[in-house]
Amino acid sequence: MSRPFDPVTLEVIRGALTAAAEEMSLVVMRSARSPLLREAGDLSSAITDARGEMIAQGRDIPMHLGVMCFTVKEFLKRVEPRRLVPGDVWFVNLPEIGGNHLPDVKAIRPIFAGGELFAFAVSLAHWADIGGAVPGSYYTSATDIWQEGLRISPTRLFTDGGPDLEKLDLVLANLRGAPERRGDIYAQMAATRSAEHRLHDLVVEHGLATLKAAMAVLQDRSEEQMRAAIRAMPRGVFTGEDFLDDDGIHDRPIAVRVRITFSASDACFDFSTSDDAADGPVNTTPFIAAAGVFYAMKCLAGEDLQPNGGALRPLKVVTRPGSVLEPPPTRPVVGGNHETSQRVVDAIFRALEPVLADRLTAGGPTTSGLLLFGMRRSDGSWATLYETHGGGEGARADRDGLPVVRVHMSNVMNTPAEVIEAEYPIEILRQELRRGSGGAGAHRGGDGLTREYRILGDGVSLTSMFERRVVPPYGLQGGAPGAPFRVMLVRGDGQTVEVKGKVNLQLAKGDRVILESCGGGGYGRP
Amino acid sequence: VDLERAVEAIRRLNVSSVAVALLHAYANPEHELIIGKRLSSVVPYVSLSHQVNPEEREYERTSATALNAAVMPVIGEYLDKLDREVPKSANFHFFHSAGGMASAAAMRDRPLALALSGPAAGAAAAQRVTRDLALDNALTLDMGGTTTDVCLIRNGKPEIQREAILADQPIRQPMVAVKSIGAGGGSLAYVEAGMLRVGPRSAGASPGPACYGLGGTAPTVTDANLLLGYLDATRPLADGVRLDARLAEAAIGRLAGELGLGPIETALGILRIANANMLQAIRNITVDRGIDGRRCTLVAFGGAGPLHAAALAREFGIRQVVVPAYSSAYSALGCAVADLSYTQQCTVRMSSSVWSADRLARLRDNLLTGMMPHGGATDVAIEDTALIRYVGQSYSVEVPYRFPAAVDTLGHDFRTLHQQLYAFATDEDWQVEAIRVTASVAERPFALRPTSHDHRSTLAPRSTQPCWFGADGAVATPRYCRDEIAPGTRIAGPAILEDEWSTVTVPPEMALEAAVGGHLVLTREATR
């Protein structure tokens, strides 16, 4: 049992910390420049204690939030706390420092009261370009991580006196779209500043000692909640697996396997038997594996679970060095972030189908469904349209799946056709439900989406990064799988080719790209 | 040809209302107008997206247009009925959600503007109070049984927001920025992971709080108010319900047992958390706008607002609370005192580097032409706001300006506001994303009659009962009848004021003064 604490003050502080984290995300969305942040909301916010343990988070993207449980802890292994001073904002994107892939850059601000470092604010934002071989920084043929873009080791871009312009320029000199990116960097800085204001208010209101004690107790309480959730799980050992379509280089599936052990009050998720690290960019980090585990447990344990570092204590996550979930640090990772992470979650849910089927959804669009268009505007500036596509949700024991949604680890919105057509040389010819794509079952899977793009200018590059093209979304309890993802490229001369899940292509004026996202799996025999 | 086929298909459907939303119609409405004209010969009601919501982003605009189409026949038939049955009803005005009144004719075309106008009316009434008492910035607190609405009034005007969620659908149109949270008298208190939680689950009106004796056994905010002595169990509520203090005590006692606290401590805790939830909402609407909420006056109304306002003000550091006259029927009052006004906005998208004052003037003119025919008034005041952002941002800063705007002045004001809101501003190009125009007919004469009709020369409490304001002991607290308090009267806390509809709590460290017009002003006593 955790330390006693006035339950009223604790609840007041909990609410205020959560509100402070949510406010950070608002600040980024309102002041950022790239559509990926301001329209699609590909960003997350967190507040940690002085050791880097997550205390509060915004209502953002599960895979970011899971990863941010580790970011500051790993950062502190490289940057001694005595080097941190008030007003600092450090930027970092290395996957091995509590990270996931290079485009997700974390801004970390240490927060002090009376000279004592007591918290960190972390603003994660997906930069629409981080340099590397292709616009948008998704190089699907990458064979090492240096081809994927600029690697930012912990770098102090802002001090109390303002931006460190030389370092800022070094960063901006190594990516496409510098003016837009500069605005995004300022937005991340502003978000961490707003959290600092809120935390200082809390220190004034409650005193530093009480605030620090509350941050510790909140973690203890979440640990207890997670242990209670584990106790409610069926005891035993469960195994499951799911497959990536391919790694972009070799046309063969890659397995993610899990062996789950639920004991009296803790749980172990062992991914050791997953396949070896891939040559192509679908590798990911142990932090992403842990984020997937945490997400799955939160789904199963109920939404009341306060997500923070304490909730992770009862969860043991094992990955094997050299595997696709713990690759050598030289391997490319850009797609693993949102594709392999979803395989982690699917493998866990599939393992639990025999005992918890009534709490699961059948297979859904567990892929970003990403098409990334890169181009230069007439004034020479870079424009990147990073568009994720939802599909049909899997059916459940009690209802059909929803049409055209994003599920599980990602929570990014689409870009309106009017915004696309106003800002890019691209036209949306059609957007409609992909009728009949949901899998049959006692409850049907949701339908996917059809969207047709026409390219109005030359020199547009297209990157795909999606899954469920080969391995379709699975049915549960005898339900049929959903229709797989399919993207076709119709050239100006009428020639039609299929676009695979992980390719870089050059498009020409008049080309059309027809995307059909996957349908959800059905539940129960039809 | 396609149009004729669509019109024929719609005619055969035999529907009464149709929404038309075409891509980019906010920028070029020509095709929508052609379709609208053609459709008007086969269906009685047509909503065109560029008229309902002339802004970019097709999903939100279509959603607003579809909702408008759905309510058009309902409002249309209602107005027809009014016309038939009430003489001169053509002169009736309707309160809309942007906080003003509009003519019946305007509401026929754009009934969606009536959505969520109830809470907006409360804010409009509060705006009137801020004028009466010469307050600049105020926060309204409208607390009822299940929800609390808060709104920021800045420089005497309620803040306007551009979108809200209604029945899970986004509706995008200018509306008074009222933030609703699930905290009210019926909010349930429970224990979760060793922490006391209050709301958003609510006991509602049925079964209601435990003390209603209607079958509810779970403790609520109202039960806490009763246990602490703020509510009077000897007086039935307006709808005849009698409060049972023993039921409240039993419900809170069970919760106290779970927490290992005393019942009074628990009741005080319930109120503190309910207040903290409301404070989050207040922080949200003030901080978000770059305003320090502690410098605002809290205007409290609704059934439970005056009960909580003083404690809330203390927690947040607000120094002054106003409980206005007619505080429990405040939305209705708002409708009576609101200005005749109408708000409309359109997308502009003009960069500071390619400025055209002519184009801006033309667009503004179009907006005004669309708004004016309905009012028929002469003495019209126009307020202009430009929504400005740096090129590449998608949220704008609202910059008030005086027409015709100089590009330099707008740029300067924008950068100042951006710096205030986001802690940085640069010299880059910026763009006017949209302009908004509010036309209003200057304040109509409407005198509030004093509420009191039973002033006593010497004020005497109806009773004196123990109330708990802290866990260390109950305080003998006099209870007064609100109607008996004459303007200028000063009462030091602790005290409770009651009328038929609501209860005003004056805690020990505050004092109350009855102002002109029946408003009550609570201030914190000078530091002890």
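Q: What does the charged end of Arg350(A) sit over?
A: The ring of Tyr474(A), 3.9 Å from its centre. The rule for a charge over a ring: NZ of Lys or CZ of Arg within 6 Å of the ring centre and within 35 degrees of the ring normal.

Q: And Arg176(A), over which face does that one lie?
A: Trp382(A), at 5.6 Å from the ring centre.

Q: Before I go on, what kind of model is this?
A: A predicted one, where local features need pLDDT of at least 70 and side-chain atom pairs count only at pLDDT 80 or more, while totals for chains, interfaces and linings use all residues; side-chain values use heavy atoms, without hydrogens and water. Residues are numbered from 1 along each chain as its sequence is written, with chains lettered from A and ligands numbered from 1 in the order in which they are written.

Q: How many bridges join E8(A) to E9 of chain A?
A: 9, and the two run antiparallel; E9 covers residues 254–262. Within the pair, Val237(A) stands opposite Thr261(A) in E9(A).

Q: Switching to aromatics. How many pairs over all chains?
A: 14 aromatic pairs. Rings of Phe, Tyr and Trp (its six-membered ring) pair if their centres lie within 6.5 Å; planes under 30 degrees apart are stacked, over 60 edge-to-face, the rest tilted.

Q: How do Tyr138(A) and Tyr386(A) pair, then?
A: Their centres are 5.7 Å apart and their planes at 65°, so the pair is edge-to-face.

Q: Where in the chain do they lie?
A: Tyr138(A) is in the loop between strands E5 (116–126) and E6 (155–159) of chain A, Tyr386(A) in strand E13 (residues 382–387), so the pair ties together parts 248 residues apart in sequence.

Q: Buried or exposed?
A: Tyr138(A) and Tyr386(A) are both buried. Buried is under 20% relative accessible area, exposed over 50%, partly exposed in between (1.4 Å probe, protein chains only).

Q: What about Phe373(A) and Tyr453(A)?
A: Centres 5.0 Å apart, planes at 45°, so this pair is tilted. Phe373(A) is in strand E12 (residues 370–376), Tyr453(A) in strand E15 (residues 448–455), both of chain A and 80 residues apart. Both are buried.

Q: Which residues form one aromatic cluster with Phe424(B)?
A: Phe91(A), Phe158(A) and Tyr186(A).

Q: How many disulfides over all chains?
A: 0, taking a disulfide as a pair of cysteine sulfur atoms within 2.5 Å. For Cys296(B), the nearest cysteine sulfur is that of Cys151(B), 11 Å away. Cys296(B) is buried, at 3% relative accessible area.

Q: Glu55(B): where is its place?
A: In the loop between helices H3 (49–52) and H4 (58–85) of chain B. Glu55(B) is buried, at 3% relative accessibility. Not counting residues up to four places away in sequence, its contacts include Arg61(B), Arg162(B) and Arg172(B).

Q: Which peptide bonds are cis?
A: One runs from Gly199(B) to Pro200(B), with omega near 0°. Pro200(B) is in strand E12 (residues 195–202) of chain B. Another joins Phe403(B) and Pro404(B), omega about -5°.

Q: Last one: what is phi of Ser137(A)?
A: Near 65°, positive in a residue other than glycine. Ser137(A) is in the loop between E5 and E6 of chain A, buried at 1%. Arg468(A) also has a positive phi, about 70°. Arg468(A) is buried, with a relative accessible area of 1%.

Notes
Helices (H or I, at least four residues) and strands (E, at least two) are DSSP runs, numbered from the N terminus. Contact means heavy atoms within 4.5 Å. Two strands pair if DSSP finds at least two bridges between them.
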